[in-house]
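Please find below a colleague's note on the structure. The points are numbered and may be taken in any order.

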Amino acid sequence: MATVELRFSALPEHVRTARLVAAAVARRAGVDEAVLDEVRLAVGEACTRAVGLHQSGGITAPVKVLLIEEEKQFSIEVGDEAPRSAPGDRAPGAAGGDLDAETEEDEMGLAVISGLVDDVEVTAGEHGGLIRMTWPTTPPAAVLP
Amino acid sequence: MDLSLSTETIGDRTIVRVGGEIDVYTAPKLREQLVELVNDGSFHLVVDMEGVDFLDSTGLGVLVGGLKRVRAHEGSLRLVCNQERILKIFRITGLTKVFPIHTSVEEAVAATD
């Protein structure tokens, strides 16, 4: 089960809240202070992308963020409910065509995420997409007997 | 924190001082400001990012949009930034090759291509 689960209406003003909550939980989970800026930025990018997909698709469902504390690692999953066809299954003529502004921003968001996070998984299917990002955590100092 | 914007003119350059967080919620305000300046005939912009606490790809998109607009009038858009965490975002997206980035407003104002 996720340590903290967050659901928010797909509105730009809530993305900041998601960033703040994610950074607070990451800090508590033992993610290195130096990496918290990256966590904040990456989760913001993932949420921004999800909000954009919900808004452009007219989807009223909330965006879902799971903050998962595990042994030696901390993961964030950002899920959207925007259906898309299987990856690589492009519409005829779409490949190599001009990207519109929205797609460009979407790509830039993903570029930032993959530039920041070493361990990232992006999946998408007919029921929506999921970005899972994982960071190592420093376990609390062992208590010697 | 919200976004704060103020402008100042030095010679033919217009300085746009930005403070706070530039994200999907606040970026439209910055976009409006840049569009307004270009529409009013300011084609040489210096965006001072020293007061920016947070910048994401939406903010980058707005800056790229601003650059496109001023270039259409043979203008320029220079950035002032010394913050490593902000500079990192320009580096990982390759935008350090697109924007001239300066360490001070004075340096940006004095710069010519």
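1. A crossover is called right-handed if, with the strands pointing away from the viewer, the path from the first strand over the helix to the second runs clockwise. In this predicted model, the right-handed β-α-β unit to examine in chain B is made by β2(B), helix α1 (residues 27-39) and β3(B). The two strands of the unit, β2(B) and β3 (residues 44-55), run parallel and are joined by 8 bridges.

2. Which residues of chain B does B:D48 contact, leaving aside its neighbours within four places in sequence? They are B:I15, B:V16, B:R17, B:V18, B:V80 and B:V105. B:D48 belongs to strand β3 of chain B. This aspartate has 21 other C-beta atoms within 10 Å and is therefore classed as buried, the threshold being 20 or more. B:C81 lies 33 residues away from B:D48 in sequence, yet the C-alpha atoms of the two are 6.7 Å apart.

3. Most residues other than glycine have a negative phi. A:K72, however, has a positive phi near 65°, and is placed in the loop between β2 (63-70) and β3 (73-79) of chain A. With 9 other C-beta atoms within 10 Å, A:K72 is exposed. In chain B, B:E74 is not a glycine either and has a positive phi of about 55°. The loop that holds B:E74 runs between α2 (57-71) and β4 (76-80) of chain B. B:E74 has 8 C-beta neighbours inside 10 Å and so counts as exposed, the limit for this class being 12 or fewer.

4. Chain A comprises 3 helices and 5 strands, in the order β-α-α-β-β-α-β-β along the sequence. Of its 145 residues, 34% count as buried. Among contacts in chain A between residues at least 6 apart in sequence, 69% join residues at least 24 apart.

5. In soluble globular proteins, nonpolar side chains tend to be buried together. The largest nonpolar core of the model has 62 residues, and those touching the most other members are A:A22, A:V43, A:C47, A:V65, A:V78 and B:V47. The largest share of this core, 9 residues, is supplied by α2(A). Beyond its neighbours within four places in sequence, A:V43 is in contact with A:A18, A:R19, A:A22, A:I76 and A:V78.

Definitions and conventions: Residues are numbered from 1 along each chain as its sequence is written. Chains are lettered from A and ligands numbered from 1 in the order in which they are written. This is a predicted model: local features need pLDDT of at least 70, side-chain atom pairs count only at pLDDT 80 or more; totals for chains, interfaces and linings use all residues. Two strands pair if DSSP finds at least two bridges between them. Helices (H or I, at least four residues) and strands (E, at least two) are DSSP runs, numbered from the N terminus. A nonpolar core is a set of buried Ala, Val, Leu, Ile, Met, Phe, Trp, Tyr and Cys residues joined through C-beta atoms within 7 Å. Two residues are in contact if their C-beta atoms, placed from the backbone, lie within 7 Å.
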